[in-house]
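My notes are below, in the order I looked things up.

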Amino acid sequence: MAGILFLGWILLAALGLTIMLAKGRTSCGLIILILLIPIVGLVVAVVISPDPEREKAKALRKGDAVECPACFSLIDPRASVCPNCRAEITTGLDMRGNKIRQANIPS
Ligand SMILES: [Zn+2]
């Protein structure tokens, strides 16, 4: 009986830690919670939102989004106006021929 409880504890903790790592959340508090009370830690790991900086880096890497040159929020690569700061986005080429985005901030 104790072996089954221990195995369940290990499995729940492993699942909680896996979900936590997949979401990019690596706080000591959450790790301790998952290890000490795996069922509560698992629920917290499922409910907690993914790390916003990690999600931002992932979207930029995949090309699903670009940073607004004015406010640095994520926007659609085809957007001509930033939905966050209302800056007009224009694209052009720099001196080396690289594509760049510029913002004209409304006054
Ligand atoms: Zn913006």
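These entries go through the helices, their packing and one residue I picked out along the way.

**Entry 1: what I am looking at.** I note first that this is a predicted model.

**Entry 2: helix H1 on its own.** I checked the length of H1 against expectation. Its 21 residues should span 30 Å at 1.5 Å a residue, and I find the end C-alpha atoms 30 Å apart, which agrees. Then I looked at cover: two of the 21 residues are buried, so H1 lies largely in the open. After H1 comes Gly24, with a positive phi near 75°.

**Entry 3: H1 against H2.** How do I describe a packed pair? I use the angle between the axes and the distance between them. For H1 (residues 2-22) and H2 (residues 28-36), I get an angle of about 160° and axes 8 Å apart. Angles over 145 degrees count as roughly antiparallel, so that is the label for H1 and H2. The crossing of these two helices is right-handed. From H1, the contact draws on Ala13, Gly16, Leu17 and Met20, and from H2 on Leu30, Ile34 and Leu35. I sorted these by class and got six nonpolar residues, one polar and no charged.

**Entry 4: H1 against H3.** Next I turned to H3 (residues 38-47), whose axis comes within 9 Å of that of H1, with a crossing of roughly 20°. The two are therefore roughly parallel. H1 passes H3 in a left-handed crossing. On the H1 side I listed Trp9, Leu12, Ala13, Leu15, Gly16, Ile19 and Met20; on the H3 side, Pro38, Ile39, Gly41, Leu42, Ala45 and Val46. The class count here is 11 nonpolar, two polar and no charged residues. Looking back, I see Ala13, Gly16 and Met20 in the contact with H2 and also in the contact with H3.

**Entry 5: Leu33.** Setting aside neighbours within four places in sequence, Leu33 is in contact with Val40, Gly41 and Val44.

**Entry 6: helix H4.** How many of the 11 residues of H4 (residues 52-62) are buried? I count zero, so to speak a helix that is hardly covered. Gly63 follows H4, and its phi is positive, near 85°.

Technical notes. Residues numbered from 1 in each chain as written. Predicted model: local features only at pLDDT ≥ 70, side-chain atom pairs only at ≥ 80, totals over all residues. Axes fitted to C-alpha atoms, helices over the stretch in contact; angles between N-to-C directions. Helix = DSSP H or I, 4+ residues; strand = E, 2+ residues; numbered from the N terminus. Parallel < 35°, antiparallel > 145°, perpendicular 65-115°, else oblique. Left-handed = near helix turned anticlockwise from the far one by under 90°. Contact = placed C-beta atoms within 7 Å. Nonpolar A, V, L, I, M, F, W, Y, C, P; charged D, E, K, R; others polar. Buried ≥ 20, exposed ≤ 12 C-beta atoms within 10 Å, placed from the backbone. Expected span 1.5 Å × (residues − 1).
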